[in-house]
Amino acid sequence: MNWASGRKERIYLLWTVCATLWIALSVIFPDFLDNPITGIKGIITISVYVTAVSVVSFFVFYIIGINKYVAAVCVPLYGLIGSAVSYYRVMFRVTITPLMVDCILHTNTEEAMGVVTWQLILWMALNLLIALGLVIWRWKQEILSYPWLRVTISIILLFLYPHVNGRLYLSLNQRYPMHIVKSVCQYINLQQLRKSPRTVPEYIVSNEPIDSLDIIVVIGESLRPDHLQLNGYKRETNPMLSKRNNIVSLPNVRSQYTHTAVSVPVLMTRADSIHPEYQYCETSFITILRQQGYHTAWISNQDMGESYAFAPMECDTAIFVNAGKSTYVFSGWYDEELWKPLNEQLALNYAHNLLVLHTIGSHWYYNNHVPEEHYHFQPITDNRVVTYNTQEQVINSYDNTARYMDYVLDSIIRCVEHKCAVVIYLSDHGESLGENGNFLHASGEYEQTLCACVVWYSTQFERLFPQKAEALRKNTTHHYYTDCLFHTVLSAANIFTIGEQEQKENLFN
């Protein structure tokens, strides 16, 4: 390489670095503004994350800048999309998810104009000017040698880079621009799943009539039974539920899986350790109850994961109250937002209801899921990196989520306490809180298999089914896996699948 070609290369690298810095400061860094950090160590951590995410944009700019005509189109487009993403991330605390893709594709002009402000227009115009400046600079540069070789090598490096380690891969998939690609791909997969056929399990219906019944299933998130006051925990994490009649907590429920994507399909279907394949080929209990005349609704405070997207699709109604939230959005994200759509569904006055509420519960970052007025246990965590907090802080913040769940679940019960109703709460898995140096979930530790399970039934339900209520109270010492939910929900409605073994996995039996 002679001096002239080396100079062209250095100028082009400088252009690529400047373009990357522009996106890093205007798009990527704002995505980290609400991240809880403390001290120099926290600042360094965020700086490392921003730099690591920005490397993707470096490769993108290097590739699209090889050809001046491609750069003239793609650089402004890349900046405009990024500026819109960063604006809504900062102003509305939302990010791109598959559900947001669905909202964007199905919105109308009036709804779209409702979220377009002069600040957004000004921000995008500023970024467009910067993009045009970069385009002009690139056009003034000389053509690089071996362009196709450069593009090929850069594309290979771009595809290899996210796979350096698992943590980097997860982080990149939640940040610009990869989170857009991932969300669009997931959205396409979700649309395909709508067409995937599933069979309905064989079942029988008891001849005993039920004039009216509300079944509310609350899918918890990461809550352990040993942190519930109802199960003898030393702290007051259930001040409201502990005062209620007809509350039964089952402390010996475990999950075979320790992350939501795998555990929820088992909750919803007939799948168990003997027949795990049922989660892929059979419908959930929702379809069975719907066939029996129940009005069904899925009300979620989480995104619609691909692995369990079939469940909300089986419902008459599916409502997602925080479609733009992800676990990388560090701002208020509370389960009490489920109350309004819950009450709206109950107000429809159907005689029979099955309402499934999917909570965000005790998912990390714990403080995000608890309003400040419910910060009962102190001190709480102050850093997004779990190991930068003391174990005491982690447990305090986690216990605050348990206490807030008590508040949320008690409020749900209030909605149906005057009716013939049953409320079943079951967490999808547990959480490690520093035992043997382990935190959070998805790594298969014992603590992560422990699932909080609480059932409430109304006085009218007990009068109609005294044997079920008595059996439930007696089953508090029994050991179950989370696949008991399928049979328990059906049993509450006097519906039973065929098979003696399956009836043993029924909390009402």
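On a 1 Å grid over the protein atoms alone, a pocket is an open set of points where a 1.4 Å probe fits, with protein on both sides within 12 Å along at least five of seven lines, and lining residues have an atom within 4 Å of a point. Grid points are joined across faces, edges and corners, and a volume is the space filled by probe spheres set on the points. The model is a predicted one, in which local features need pLDDT of at least 70 and side-chain atom pairs count only at pLDDT 80 or more, while totals for chains, interfaces and linings use all residues. Residues are numbered from 1 along each chain as its sequence is written, and side-chain values use heavy atoms, leaving out hydrogens and water.

**The largest pocket**

The largest pocket holds about 1,700 Å³ of space. Its lining has 48 residues, and those nearest its centre are L170, Q174, T327, Y328 and H363. Helices (H or I, at least four residues) and strands (E, at least two) are DSSP runs, numbered from the N terminus. At least two lining residues each come from α8 (166–172), α9 (178–193), α10 (260–268) and β10 (439–440). The largest share, 5 residues, is supplied by α8.

**A glutamate in a loop**

E282 sits in the loop between α11 (278–281) and α12 (285–291). Is E282 buried or exposed? With a relative accessible area of 6%, E282 is buried (buried means under 20%, exposed over 50%, partly exposed in between, with a 1.4 Å probe and protein chains only). Leaving aside neighbours within four places in sequence, E282 is in contact (heavy atoms within 4.5 Å) with R198, T199, P201, T269 and R270.

**Backbone spots to look for**

Two cis peptide bonds can be found here: one joins W364 and Y365, with omega about 5°, and another joins Q378 and P379, with omega about -5°. Y365 is in the loop between β7 (352–358) and α15 (391–416), and P379 also lies in the loop between β7 and α15.

Two residues have a positive phi although neither is a glycine:

| Residue | Phi | Relative accessibility |
|---|---|---|
| A442 | about 85° | 47%, partly exposed |
| N494 | about 60° | 5%, buried |

A442 lies in the loop between β10 and β11 (450–451). N494 has its place in the loop between α18 (484–492) and β14 (495–497).
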